[in-house]
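Morning, everyone. Please look at the sequence and the structure on the screen, and then I'll walk you through a few contacts.

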Amino acid sequence: MRPCLRHMLRLAVLLAPGLAVAEGSILTRPADCKAVMTIQKHGCEVETQLMCGSGDAAFWRSEEYRFQGLNGVSHTDQQYRLIADQYTNGEFDFIIDPTKSFADTPLTVIAKGTGGYAQVGTLSMFGLTKPVSLTATLRSEPIELQLSGRSLHRFAVTFAMQLPPPMKAVKGNGVSYFDAPTGVFFDGELEFDGKALLSEISSKPAAIILPGEPGFDEPFPTYDCGDISLNLMDEKADRS
């Protein structure tokens with residue numbers, strides 16, 4: 001399961017500067033990917049969730065855009081466990097040791113009320129490989145977020161990432177959202193080591209866009225972008 005995982009791993013990259021760039025890229029969208037949902041978020045960000053491949057090899061792809069363009073891409077398996085994640089200005093891979101890892105699905109957490117994951121393995125950042133462990137506890141929230149005609153299930157997430165010395169552990173809290181009909185699972189509000197991100201808003205998701213609706217699978221954020229909005233003609237633009 002990947003709630004907040006991308007952000008935690010990207011923070012690891014920020015804590016380990018000066019490394020050489022690795023080879024390979026997942027930034028180019030595979031031809032067999034099909035967009036499922038676009039999520040406009042507060043903070044001038046838009047994310048599109050896609051399903052790629054088929055059968056047992058199918059995986060989720062998330063493309064995140066900000067006002068300057070593509071910001072990052074992640075791939076997760078059908079159980080929402082991270083496969084690969086890449087910034088537009090660098091990349092890294094998290095390789096899981098399945099004998100030491102587990103992950104509850106969103107539906108399991110909803111059924112039980114609580115759940116979580118532990119993912120242990122190696123983090124390959126810009127050509128260097130280091131051990132890392134990630135754990136999280138998820139609590140199913142009783143009140144769903146009603147947005148754009150959808151009922152999004154909410155999860156309160158408490159997480160920790162243990163980095164190799166001399167880097168310290170990173171801890172935090174967040175909220176993740178799950179749309180059961182489509183299976184889309186995505187991150188919302190985040191707080192790292194007591195420092196809130198976008199804490200001035202009650203929820204980070206601003207609008208859900210489905211196939212056939214205006215703005216679907218488009219890379220233009222429209223909320224909280226101010227004068228830099230790339231889509232000022234949109235009636236939703238810059239709404240707080």
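A polar contact here is a pair of N or O atoms within 3.5 Å; within protein, one must be able to donate a hydrogen and the other to accept it. Keep in mind that this is a predicted model.

Start with Asn 71. Its place is strand β4, residues 69–76. Is Asn 71 buried or exposed? Asn 71 is buried, because its relative accessible area is 9% and buried means under 20%. Its side chain makes a polar contact of 2.5 Å with the side chain of Glu 64.

Next, the aromatic rings. How many aromatic pairs does a search of the whole structure find? Six. Take Tyr 80 and Phe 178. Their ring centres are 6.5 Å apart and the planes sit at 85°, so this pair is edge-to-face. Tyr 80 is in the loop between β4 and β5, Phe 178 is in strand β12, and 98 residues separate them. Tyr 80 and Phe 178 are buried.

Tyr 80 also pairs with Phe 185. Here the centres are 5.4 Å apart and the planes are at 75°, so the pair is again edge-to-face. Phe 185 belongs to strand β13, so the pair ties together parts 105 residues apart in sequence. Phe 185 is buried, as is Tyr 80. One aromatic cluster takes in Trp 60, Tyr 80, Phe 155, Phe 178 and Phe 185.

Last, Asp 104. This residue sits in the loop between β7 and α2. A polar atom of the Asp 104 side chain lies 3.0 Å from the backbone nitrogen of Gly 116.

Key. Residues numbered from 1 in each chain as written. Predicted model: local features only at pLDDT ≥ 70, side-chain atom pairs only at ≥ 80, totals over all residues. Heavy atoms only, no water. Helix = DSSP H or I, 4+ residues; strand = E, 2+ residues; numbered from the N terminus. Buried < 20%, exposed > 50% of the residue type's maximum accessible area, 1.4 Å probe, protein only. Phe/Tyr/Trp six-rings, centres within 6.5 Å; stacked < 30°, edge-to-face > 60°.
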